[in-house]
Amino acid sequence: MRKFKLKMQAGGNWFARELPSYLQVWRLPPLERIGPDQFADLFRITPIATLGQIINVTVVAIALCGHAGYLPMFIWWLTNLLMCGWTYSRWLRNRHRKIEKLSSRAIPRAVISGVLFALPWALLAGFYLGSLPRHEELIMCIALIGMVASGSVQLSRIYPAAIAYLVTIFAPVIFKSISIGEGHYYLLAALAVSYIAYLLTIVANSANASIERSTALNDLEKKVVLLDEANDALEKLASFDDLTDLPNRRAFYIHLEGTINEAMLFRDQVYVLVGDLDHFKNVNDMAGHAAGDQLLQVIAQRLADCVGEGDLVARMGGDEFAVIVQSADILADKNAFMKRLLERINEPVDLDGTSVNPGMSFGVSSFPDDAKDAESLLSYADIALQQGKSISRGDCWFFNSRMSEQLAADNVLEKELREALAAKEFELFYQPKVDIKTGRLHGMESLVRWRRANGDVVAPGGFFRVAEERGLMSELADYVLDKFVEDNCHWTNMGLSPGFVSVNIHPIQIKDRNRMAAFADQVAETVLDKTKLVIEITEECVVGRGTDEVPNTLAFMRDQNFRISLDDFGTGYASLTHLKTLPVDELKIDRSFISDLNTDMSDRAIVLAMIKLADTLGISVVAEGIEDQEQHNTLLAMGCANGQGYFYGRPMDVEAATTYLREAYSRDRSRKAVAGEAASRHQLSA
Ligand code: C2E
Ligand code: MG
Ligand code: MG
């Protein structure tokens, strides 16, 4: 008993557990999931379904007309035919139209159509079931089953229509069979009920499958679209510059290779321009990065405006652009094109209220004259740009073989400089500055020299440019300061006094306050008297990018008791302004005013004005580059206090400078002794 109970329980559980899963076969998808795809599926099979229906109704009409009567069967046949014709004509009209969206009436309309198509068959069964001879009834029943099966499968994607169709046909079959009340007809009714259940399974299955398939397809389609978009974006990212929308370096290179291949075939000429904005960093620093970006966009547009159809402008990165020119009209007069290009670039740009005058320098190489491959053409244009820029900015420079020789030489020099720095091959030479009136030593200027392993001594003119361009200046300038401190300590320890000793400060150094403070600390830890140390700065140190803090740094150095000297005075744009705004103790009249002092009246007038100005401002003066007696005499007559130049002494190495100082010292002592003797003689005679 207990065992049976357990079985019952297990059976009950089985039903509760398994039945819902069996009933799942009739689970229909939600109505709102029926979409355009399901209607499109139905629409697609319309012609073949229509043909099947026509055959069916014709066969039935022929079979039944003898007993059911010609007229009713003809009307029945014609009605069916008209409905088929209507369906087919709709298909013909709309077969190429894509159904984008379903109207809210689409499903009710489909249900009505299902009922309408089922109705003739329902009427046929309702009227003639049980009243026809066996053979005719058999044909009618087979036709009915065929119609129900094919129609409900056809309509299954829009399952409410399929159910309406199915029920409309089978309902009269079942009712009529039961109402006849004979054994076979009961069986027929039972068959009809079982077909309904079975066909409903097929309808549900097909509806679910169709909806799932179209959902999956739609998802896939969306993913493919997304993938396509992502691919496009990636392609764009890989080939275009985001800011200017111009092709980037990669795209430029590919395009250049293609252009060269074409040009080889047609024996065309191609020019490659590489250009960068002059002083672009100043714009970024002064007006901000947004303004810098805006300027780059304007320049990109201007470049694109200037080139012809088929030419290409690209942004290579930063402020660097490149152009491929092959338009015949531009090549016909390339100088006119370059002029037009520079003029267009130079037009002022308004950056949020700040007017900027942009400038650009270009390097140009040509195919096939300079090179026949993309890499060399680009590199030659770049060499022309770099070499040209070091001469003057805001111009177009055409590549020539001399330029690549220069580049090669620069590369060698850079390598040698690096090795020289590591081997400490640099030293300071010292050139005397004298009191013009007495001829006594006023001070010394330290000047860096590179003593090469072969014994050659190279002045800054031979290596400064490359050191600056290749980023070696910072290390060299720091080395100079160390050497300067070392040499001066050496003299102080020997009891020698070189007077006011100056060191030339590079713009890189003065722009960095911490560096100058470190130098001041370094000096403070020595025996040196800071009041005798002079730092020489040029106008380059106070003009341009990153110089805002320089006046404060100079004031700081002066507070630390260093003297400040303004070197090469008169060569800059705003020399007088600097005299007013900077804490200056000394100005050095540039050599260019001294060399023609005795022949050029305006130089003479300028020098005199400088001496007077310095006198008025209480600043001491040194005239640079005095080479002969005549210049010395003139400056003496003008009242110039101090002078420096080959006339008094050339720059000399530490050893020679030490001898010089010793001699100056003993000269001074004997001068003092003579003066002392004279004074005591004078006293005695008095
Ligand atoms: P500067 O500071 O104006 O130095 C004077 C330059 O004129 C020196 O050239 C000197 O040798 C040269 N000179 C002096 N008297 C005469 C003369 O009578 N006739 C002629 N023709 N030249 C004369 P140098 O040594 O070749 O230096 C050139 C420039 O390089 C210097 O101009 C200075 O701006 C820079 N410089 C030199 N040494 C250093 C250094 O250690 N550090 C830095 N940052 N710059 C330096
Ligand atoms: Mg100097
Ligand atoms: Mg100078």
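## Shell around ligand 1

Strand β9 gives the most to the shell around ligand 1, supplying 4 residues, and both β9 and β13 contribute at least two residues each, strands being DSSP runs of E with at least two residues, numbered from the N terminus. The model is predicted, with local features needing pLDDT of at least 70 and side-chain atom pairs counting only at pLDDT 80 or more, whereas totals for chains, interfaces and linings use all residues. Side-chain values use heavy atoms, with hydrogens and water left out, residues are numbered from 1 along each chain as its sequence is written, and chains are lettered from A and ligands numbered from 1 in the order in which they are written.

Ligand 1 is surrounded by 23 residues, the closest being Arg 449, Asn 504, Asp 567, Arg 591 and Glu 627, where a surrounding residue has a heavy atom within 4 Å of the molecule. A polar side-chain atom of Asn 504 lies 2.9 Å from an oxygen atom of ligand 1, while a polar side-chain atom of Glu 627 lies 2.6 Å from a nitrogen atom of ligand 1.

Glu 445 in strand β9 (residues 441–451) and Asp 567 in strand β13 (residues 563–569) are 122 residues apart and link distant parts of the chain. Both Glu 445 and Asp 567 are buried, meaning under 20% relative accessible area with a 1.4 Å probe, protein chains only.

Note on methods:
Buried < 20%, exposed > 50% of the residue type's maximum accessible area, 1.4 Å probe, protein only. Polar contact = N/O pair within 3.5 Å; in protein donor to acceptor, adjacent residues only side chain to side chain.
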